[in-house]
Structure formats: structure tokens, C-alpha cells
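Open the structure in your viewer and keep the selection tool at hand. Follow the stops in order.

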Amino acid sequence: MNQKFCQECGTKLIDKKLENEGMIPFCPKCKQYCFPTYNVAVSMIVINKQTNKILLIKQYGKAAYILVAGYVNRTEELEHAVAREIKEETGMTVSHIRFNRTRFFEPSNTLMCNFTAYVESDSELCINEEVDSYQWFTSEEARKNILPNSLASHFLNAYLDQ
């Protein structure tokens, strides 16, 4: 999604070449380059340390299993968003996290940042209204049950294949 107007003054942007960057939207009034903006979200491979199983969820009336995920709030650190989203959607407290990889998701103009998040057990598990259902899977069961050809399956399979 390309920005068409300057966020500062509202002037229509033009494309202007910037050395080492290529064509970048430029405001002729403010004399400023306007680099593209996008959303940032986190997705998590949640692992129960007690059972070594992976949590997959179903949301919004859809039949397929996906990873726990959510948008990052403005000024929020990615690691905080990981712990917050897991706490909000499942009630569980993260003991530690590890960064995996990123991938840009064009349909929602979102940079998805994937992490592995470990919980000590599922004793705190209490899903909120955003989650229709959940299930803990072994690694191979998770691979078979995750939504095929999705960003979630890309992240999960990359994690399992490493």
C-alpha cells in the first residue's frame, strides 16, 4: 500500500529517486522523503515445556488451526507483544521466548515477526473470546493440522525443519 499524500501537510506525493534507495515517495512542499509505512504483528509457536507439545488455535468461526498471533502496539517491544498476546488469548504466562524469522504479508500490509514462546505448563490456560477452540499437538501432528499454505504453516514448518 503506497502512501499517496504527505502525512505532515497533505500534499500529493511524487516519486523521486533517492541514491541507494530507488524511487521513493517525496513531498515537494515539505522537501521530505516519505518512506512506506506498514503494520507489525507477532505470531507465536507456543510450546508447553512440560509436554513438549505445540498449541494451535481456531478463531473467528474458521475451521483451520493457526498460530496465536496479534498486532504490535505503537511503541511496544516485539517481545512484550508476544507475552501480552499469549496472556490475553490463552491466560498463560510466557517463561521465555526466542525469535525465529519474519515475512511480509501483503494482503494486510503487515510485517509478521515469528517467535517461539515457551510456557511452563497449561495450568493457567483460559482462552478468551477471540479463540474458538484450541488443541495441543506433537510436532508432527501440528504440521499436519495447521492451515495449509498459510503464513502460520510457513513459520511452523520452518521452525520444525531447522
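In which helix is Arg-84 found? Select Arg-84: helix H1 is the place. Helices (H or I, at least four residues) and strands (E, at least two) are DSSP runs, numbered from the N terminus.

A word on the model before moving on. This is a predicted model, in which local features need pLDDT of at least 70, side-chain atom pairs count only at pLDDT 80 or more, and totals for chains, interfaces and linings use all residues. Residues are numbered from 1 along each chain as its sequence is written, and side-chain values use heavy atoms, with hydrogens and water left out.

**Stop 1: helix H1**

Stay on Arg-84. Its relative accessible area is 16%, so Arg-84 is buried. Buried means under 20% relative accessible area, exposed over 50%, and partly exposed in between (1.4 Å probe, protein chains only). Now show the backbone oxygen of Tyr-71: the side chain of Arg-84 reaches that atom at 2.9 Å. Leaving aside neighbours within four places in sequence, Arg-84 is in contact (heavy atoms within 4.5 Å) with Tyr-71, Val-72, Asn-73 and Glu-76.

Step to Glu-85. Glu-85 also lies in H1, which covers residues 78–90. Is Glu-85 buried or exposed? Glu-85 counts as buried because its relative accessibility is 7%. Not counting residues up to four places away in sequence, Glu-85 touches Val-42, Met-44, Val-68, Ala-69, Gly-70 and Tyr-71.

**Stop 2: strand S6**

Select Val-68, Ala-69, Gly-70 and Tyr-71. Val-68 and Gly-70 make up the covered face of S6, while Ala-69 and Tyr-71 make up the uncovered one. In a regular strand the side chains alternate between the two faces of the sheet.

S4 and S6 run antiparallel and are joined by four bridges. Two strands pair if DSSP finds at least two bridges between them. Find Met-44: it stands opposite Val-68 in S6.

**Stop 3: strand S8**

Go to residues 110–119, strand S8. Nine of its 10 residues are buried, so S8 is largely enclosed by the rest of the structure.

Which strand pairs with S8 in the parallel sense? That is S4 (residues 39–48), over 10 bridges. Pick Asn-39, whose bridge partner in S8 is Thr-110.

Now turn to S7 (residues 94–105). S7 and S8 run antiparallel, joined by 10 bridges. Thr-102 has Cys-113 as its bridge partner in S8. The hairpin of S7 and S8 has four residues between the strands, and there Asn-109 takes a positive phi near 55 degrees.

**Stop 4: the largest pocket**

Select Gln-59, Ile-66, Leu-67, Ala-69 and Met-112. Of the 24 residues that line the largest pocket, these lie nearest its centre. S4, strand S5 (53–59), strand S6 (68–71) and helix H3 (151–161) are the elements that give two or more residues to the lining. Here a pocket, on a 1 Å grid over the protein atoms alone, is an open set of points where a 1.4 Å probe fits, with protein on both sides within 12 Å along at least five of seven lines; lining residues have an atom within 4 Å of a point.

**Stop 5: an open sheet**

Finish with S1, S2 and S3. These three strands form an open sheet in the order S1-S2-S3, with antiparallel pairing. S1 (14–18) and S3 (32–33) are the edge strands, each pairing on one side only. Two bridges join S2 (residues 22–27) to S3.

Note on methods: A polar contact is a pair of N or O atoms within 3.5 Å; within protein, one must be able to donate a hydrogen and the other to accept it, and residues adjacent in sequence count only if both atoms are side-chain atoms.
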